[in-house]
Structures are given as C-alpha cells and as structure tokens.
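Please look at the sequence and the 3D structure below. The paragraphs that follow go through a few of its parts in turn.

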Amino acid sequence: MDCRDQHESAGGDDHHHEHDHDHDDPERGVQFSLYKHIDTSKAYCLNESETGSIMNVFKPWEKRMDTEKFLESDADEQLLLAIPFTGSVKLKGVIVKGAPGEAHPSKMKAFTNREDIDFDNVDQLPAQQEWELSEDIAGAIEYPTRLSKFQGVHMLVLYFPANFGAEVTRIDYIGLKGEFKEMKRDTIITVYEAQANPKDHKTDTANFVSKSIQ
C-alpha cells in the first residue's frame, strides 16, 4: 500500500490522521519518544500470545520496521494494553504499525488514568477517543488525539477490539507522541492520622506543607 492508498483507505467516525511523507525524518524520532518513559515493570497486555511481548512494540522510531519482535493476540483478535508512565504525559498522537493484511488492527480505543479495565468491562466504558485504523505497514500514519482529553496521563490503556478479518491480531510498532513531565515524588507529603489529638501536638501551629504537582 503506497502513501496515496493509505490516505484514501481511512474511514470511520474518527479517522483523521496526519501523514508525514518524509518517513525517516529524525525529528519524528524525537517526537515519538514517549516509549522511554513507560514504566516497563508495570506494563501488561491482556490476551497476548507470549507473556511480556507488549514491550516488543515500544521501540525507537528508527527500529519501527523491525518485524522480528512483535505483539500478537492469543485466543482471538482482541488486545488490551495497559501502559503506565513514570510521570505525567500530554499525549498528542499515536502511530500503529501492524502486520500486512487481515491481521492488522482495524479499530483502537484509548482510556486514561484507569487501572480497572479488562475484557469484562471495556466495551461498556466510555473511551476518551476512538479511531478507525488504516492498514499501515510503514509506520507513517499518525492519529492525533483530542488534547483536552489526554493531559496529565499517567496510565494509558489502548484497546484493539478488531482487525481486518484474521483470527489473531499482530502489531509491530506503537509510536506515542507527546510531552513528558517527571513526577517530583520528593514534594509529596502524606500524613496518616486516624484521629487528631490536640495533646499530641506540642505547638499550636501546624507544620503541614501542601504542595501540588503540576
């Protein structure tokens, strides 16, 4: 599928995408570098054929054409990826490069800051955004997000409910574009106090400092 075909094949209610024809532009590699900020110890995928293979799809831009490592579904075509970040993210766009043909995902839904999503409830929950995907074996189609819905993201869930007709779905690369802000854990003060007792306080002035993370 050439560039023109990819543009013409997009469909669905939320099919707008951007396509930079300079596929190897180094600047795009900088833009799609949020994979560096994924908390890999906590990331997981439901219905993956090989445990831990979720991390196969998050790699540098220049390695997006590498098809030796990929993520493939197991029992059916559905995949549900839970992607925690080590800080706060403003997500601006997503690229999904799948296998050629029917195994390429055809739909994607995104949820933010939820850790309770699984196959039992995902179809009943409102997504922040949904996309109809085009077959993209070049990793060139960018699906922009509605920025107002993707700020302050510390957990991103991507749900791929269908593909183009195959029994299983295969994804080679997922690119995440946006801005990252590190969490300043040293500014967080947590106070555990079941019941305040004035006799326990030697001074009348409380020494609690409230700080917020931007």
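In this predicted model, the largest pocket has a volume of about 260 Å³. Eleven residues line this pocket, and Asp39, Lys42, Pro84, Phe85 and His154 are those nearest its centre. Two elements, β4 and β8, each give two or more residues to the lining. The largest share comes from β4, with four residues. By type, the lining of the largest pocket holds four nonpolar, three polar and four charged residues.

The next topic is the interior. In soluble globular proteins, nonpolar side chains tend to be buried together. Here, the largest nonpolar core consists of 30 residues. Phe58, Leu81, Leu156, Phe160, Ile174 and Leu176 have the most contacts inside this core. Two or more residues of the core come from each of β4 (79–98), β5 (107–112), β7 (141–144), β8 (153–160) and β9 (170–182). With eight residues, β4 gives the most to this core. There is also a second, separate core of nine residues, with Val122, Leu125, Met155 and Val157 among them.

Not counting residues up to four places away in sequence, Phe58 touches Tyr35, Ile38, Leu81, Ile83, Ile174 and Leu176.

The other residue is leucine 156, which lies in strand β8. Is leucine 156 buried or exposed? Its relative accessibility is 0%, so leucine 156 counts as buried, the limit for a buried residue being under 20%. Which residues is leucine 156 in contact with, leaving aside its neighbours within four places in sequence? They are Leu81, Ala82, Ile83, Phe85, Leu91, Ala110, Phe111, Thr112, Phe150 and Leu176.

The last topic is how strand β7 is placed. Strands β4 and β7 run antiparallel and are joined by three bridges. Across this pair, isoleucine 95 stands opposite glutamate 142 in β7. Within β7, Ile141 and Tyr143 point one way, while Glu142 and Pro144 point the other way.

Key:
Residues are numbered from 1 along each chain as its sequence is written. This is a predicted model: local features need pLDDT of at least 70, side-chain atom pairs count only at pLDDT 80 or more; totals for chains, interfaces and linings use all residues. Side-chain values use heavy atoms; hydrogens and water are left out. A nonpolar core is a set of buried Ala, Val, Leu, Ile, Met, Phe, Trp, Tyr and Cys residues joined through side-chain atoms within 4.5 Å. Buried means under 20% relative accessible area, exposed over 50%, partly exposed in between (1.4 Å probe, protein chains only). Contact means heavy atoms within 4.5 Å. Two strands pair if DSSP finds at least two bridges between them. On a 1 Å grid over the protein atoms alone, a cavity is a set of points where a 1.4 Å probe fits but cannot get out, and a pocket is an open set with protein on both sides within 12 Å along at least five of seven lines; lining residues have an atom within 4 Å of a point. Grid points are joined across faces, edges and corners, and a volume is the space filled by probe spheres set on the points. Ala, Val, Leu, Ile, Met, Phe, Trp, Tyr, Cys and Pro count as nonpolar, Asp, Glu, Lys and Arg as charged, and the others, Gly among them, as polar.
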